[in-house]
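Keep the viewer open as you read.

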Amino acid sequence: MSLIGKEIEEFQAQAFKNGEFIEVSNEDFKGQWSIVCFYPADFTFVCPTELEDLQNQYPALKELGVEVYSVSTDTHFTHKAWHDNSEAIGKIEYTMIGDPSHLISWIFDVLDEETGLADRGTFIIDPDGVVQAVEINAGGIGRDASILINKVKAAQYVRKNPNEVCPAKWQEGAETLTPGLDLVGKI
């Protein structure tokens, strides 16, 4: 079942951010735009490349009013150890949520129950805590975080302009579409 248009269910979890352990809940996704990026496991191969790439985009996402959260089924303690021992992960400034109970991965429908690991899922959540975009990749396919910039801009534009839609490859400032009978069969 798709999570698009649905509010995230309740959860509480421990996380690691900027050298500290913190508590995070679904309520943290409200009042701002959020990106939640699930990945299979700490101390692996594709995951650090993705999380470092996400950190490289973090300043641009922050400028758009977006907070970033990464999630794996590891503990917050494991996140700290990885942060302390990996050059790539040591750069991360965003929140790294631990999900050893698998509840968050289950809520977001990215839990591989056979392995107990999360799939590579990326979610854009609006300030009401409602999912606006979802991307899920197979384990061997890394993501490109730069794509999130335009997706967030499009989601923010549509939220502010509910009678308009953003066409494929839309860039900020480009023309949008206003759905109506006059466009049917003419695009």
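Leaving out residues up to four places away in sequence, S146 touches D53 and Q57. This is a predicted model, so take everything here as computed from it. S146 sits in the loop between β9 (131-137) and α4. With 33% relative accessibility, S146 counts as partly exposed, since the buried label is kept for values under 20%.

For a sense of how the chain folds back here, look at S146 and A60: they are 86 residues apart along the chain, yet their C-alpha atoms are separated by 9.3 Å.

## The other side of that contact

Q57 is found in helix α1. Is Q57 buried or exposed? Its relative accessibility is 17%, so Q57 counts as buried. Setting aside residues up to four places away in sequence, Q57 touches A145, S146 and I149.

## How α1 and α4 pack

What angle do the axes of α1 and α4 make? Helix α1 (residues 46-63) and helix α4 (residues 147-160) cross at roughly 30°, with their axes coming within 9 Å. Angles under 35 degrees count as roughly parallel, and α1 and α4 are therefore roughly parallel to each other. The crossing of the two, α1 and α4, is right-handed.

On the α1 side, the residues that meet α4 are L54, Q57, A60 and L61; on the α4 side, they are L148, I149 and V152. Sorted by class, the contact of α1 with α4 has six nonpolar residues, one polar and no charged ones.

## Into the core

Which residues touch the most other members of the largest nonpolar core? That core has 23 residues, and I35, L51, L54 and L61 are the ones that do. The elements giving two or more residues to this core are β3 (33-38), α1, β4 (66-72) and α4. Helix α1 gives the most, with five residues.

Apart from neighbours within four places in sequence, L54 is in contact with C37, L61, V68, Y94, A145 and L148. There is also a second, separate core of 20 residues, which includes A15, F29, F38 and V71.

## Further along α4

R159 has its place in helix α4. At 38% relative accessibility, R159 counts as partly exposed. Its contacts, not counting residues up to four places away in sequence, are W33, D126, P127 and D128.

## Two backbone angles to check

Most residues other than glycine have a negative phi. Which way does F43 go, positive or negative? The phi of F43 is near 55°, a positive value in a residue other than glycine. F43 is found in the loop between β3 and α1, and F43 counts as partly exposed at 47% relative accessibility.

H102 also has a positive phi, about 70°, although it is not a glycine. The place of H102 is in the loop between β5 (95-98) and α3 (103-107). With a relative accessible area of 25%, H102 is partly exposed.

Notes: Residues are numbered from 1 along each chain as its sequence is written. This is a predicted model: local features need pLDDT of at least 70, side-chain atom pairs count only at pLDDT 80 or more; totals for chains, interfaces and linings use all residues. Side-chain values use heavy atoms; hydrogens and water are left out. Axes are lines fitted to C-alpha atoms, for helices over the stretch in contact, and angles run from 0 to 180 degrees between N-to-C directions. Helices (H or I, at least four residues) and strands (E, at least two) are DSSP runs, numbered from the N terminus. Angles under 35 degrees count as roughly parallel, over 145 as roughly antiparallel, 65 to 115 as roughly perpendicular and the rest as oblique. A crossing is left-handed if the near helix is turned anticlockwise from the far one by less than a right angle, and right-handed if clockwise. Contact means heavy atoms within 4.5 Å. Ala, Val, Leu, Ile, Met, Phe, Trp, Tyr, Cys and Pro count as nonpolar, Asp, Glu, Lys and Arg as charged, and the others, Gly among them, as polar. Buried means under 20% relative accessible area, exposed over 50%, partly exposed in between (1.4 Å probe, protein chains only). A nonpolar core is a set of buried Ala, Val, Leu, Ile, Met, Phe, Trp, Tyr and Cys residues joined through side-chain atoms within 4.5 Å.
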